[in-house]
Amino acid sequence: MPTDRKREFVLVVLAIAVALAAAATRLFWLSDMEFKGDEVSTVQLIAEKGSEPWSALGPISGNSRFAHSSGFFYFVHWLSGGSHAPLRMVTAIAACNVFSILLPLLLLWRQPRYLMTCAMWATSIVLIFGSRKIWTPDLQAAWSCLAIGLLAAASVFERNKTLRRLLPGLAGFCLVMAGHMYMPSVFVAMLGGGMVLLVLLATRQKERAAAWLVGSALGWMTFVPWIVTVVKGGAAVGQPGATSATFAFGQLNAALQMGLTAASPLQFYLLYL
């Protein structure tokens with residue numbers, strides 16, 4: 001067997017192994033998921049999304065006292081087909097996390113360094129446990145993995161004019177969408193997205209930088225209803241008038257601390273990926 005064919009065969013086998021690891025560790029035995037008070041209240045909020053008036057605000061964070069976006073709750077409600085069953089919801093969350101690994105894997109499996117990245121995502125204990133619960137941080141990693149994978153794929157498909165313009169834009173959009181899942185990801189998207197843009201400009205990848213900027217801008221536009229509601233003092237879920245009474249620079253500072261403070265690289269890894 002020629003060397004190139006041997007290499008491709010090995011990569012195919014490894015890619016299949018990564019795909020199986022990602023799916024099996026997230027989709028099997030979901031009935032054993034953690035289901036305490038936080039998860040019960042989250043399920044109730046998700047189930048109510050089909051019957052109550054639309055709102056840009058989710059519940060207020062118990063840590064920062066800052067109102068979350070309602071994006072996670074509507075997204076899971078849609079993913080689970082409007083089901084009120086917790087097992088259906090956690091299955092939807094787990095499947096979304098599997099998809100966020102399989103799509104980059106499908107695009108990047110020929111590149112060993114990117115295949116290794118997908119393998120790390122697939123086998124990360126933190127990501128596995130975070131894929132098997134009904135909790136707002138559970139989907140921030142999924143959108144972040146999609147953003148990283150799509151941005152990497154833009155360099156792999158550099159000769160394809162359509163993909164090299166489309167993929168960075170989708171990556172920027174996905175990174176911002178993580179903020180709708182869990183508010184600290186907003187600050188990751190602001191700082192990380194800004195750094196990506198600076199690197200693309202510094203390396204004279206103007207076309208890719210423009211696509212990233214457009215995709216990110218479209219993503220940030222989805223936060224306009226949330227910003228307007230917060231500024232006007234709209235009520236967060238379960239706490240009428242709470243944002244009107246508590247919105248202040250002190251609350252924003254607390255949210256920033258929660259999103260950016262990391263005492264060690266391990267804590268940073270545990271919080272974000």
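R26, N97, S100, I101, L127, S131, A141 and C145 line the second largest cavity of this predicted model. A cavity here is a set of points on a 1 Å grid over the protein atoms alone where a 1.4 Å probe fits but cannot get out, and lining residues have an atom within 4 Å of a point. Two elements, α4 (86–108) and α7 (140–156), each give two or more residues to this lining. Helices are DSSP runs (H or I, at least four residues), strands likewise (E, at least two), numbered from the N terminus. The largest share, 3 residues, comes from α4.

The model is predicted: local features need pLDDT of at least 70, side-chain atom pairs count only at pLDDT 80 or more, and totals for chains, interfaces and linings use all residues. Residues are numbered from 1 along each chain as its sequence is written, and side-chain values use heavy atoms, without hydrogens and water.

The structure holds 2 cavities of 30 Å³ or more. Volume means the space filled by probe spheres set on the points, with grid points joined across faces, edges and corners.

| Lining class, second largest cavity | Residues |
|---|---|
| Nonpolar (Ala, Val, Leu, Ile, Met, Phe, Trp, Tyr, Cys, Pro) | 4 residues |
| Polar (the others, Gly among them) | 3 residues |

Helix α3 (residues 71–79) is mostly covered, with 7 of its 9 residues buried (under 20% relative accessible area, 1.4 Å probe, protein chains only). The buried ones are G71, F72, F73, Y74, F75, V76 and H77. Their cover includes α4 and α7, along with α2 (37–48), β1 (57–60), β2 (67–69) and α8 (161–181). G81 follows α3 and has a positive phi, near 70 degrees.

Terms used: On a 1 Å grid over the protein atoms alone, a cavity is a set of points where a 1.4 Å probe fits but cannot get out, and a pocket is an open set with protein on both sides within 12 Å along at least five of seven lines; lining residues have an atom within 4 Å of a point. Buried means under 20% relative accessible area, exposed over 50%, partly exposed in between (1.4 Å probe, protein chains only). Contact means heavy atoms within 4.5 Å.
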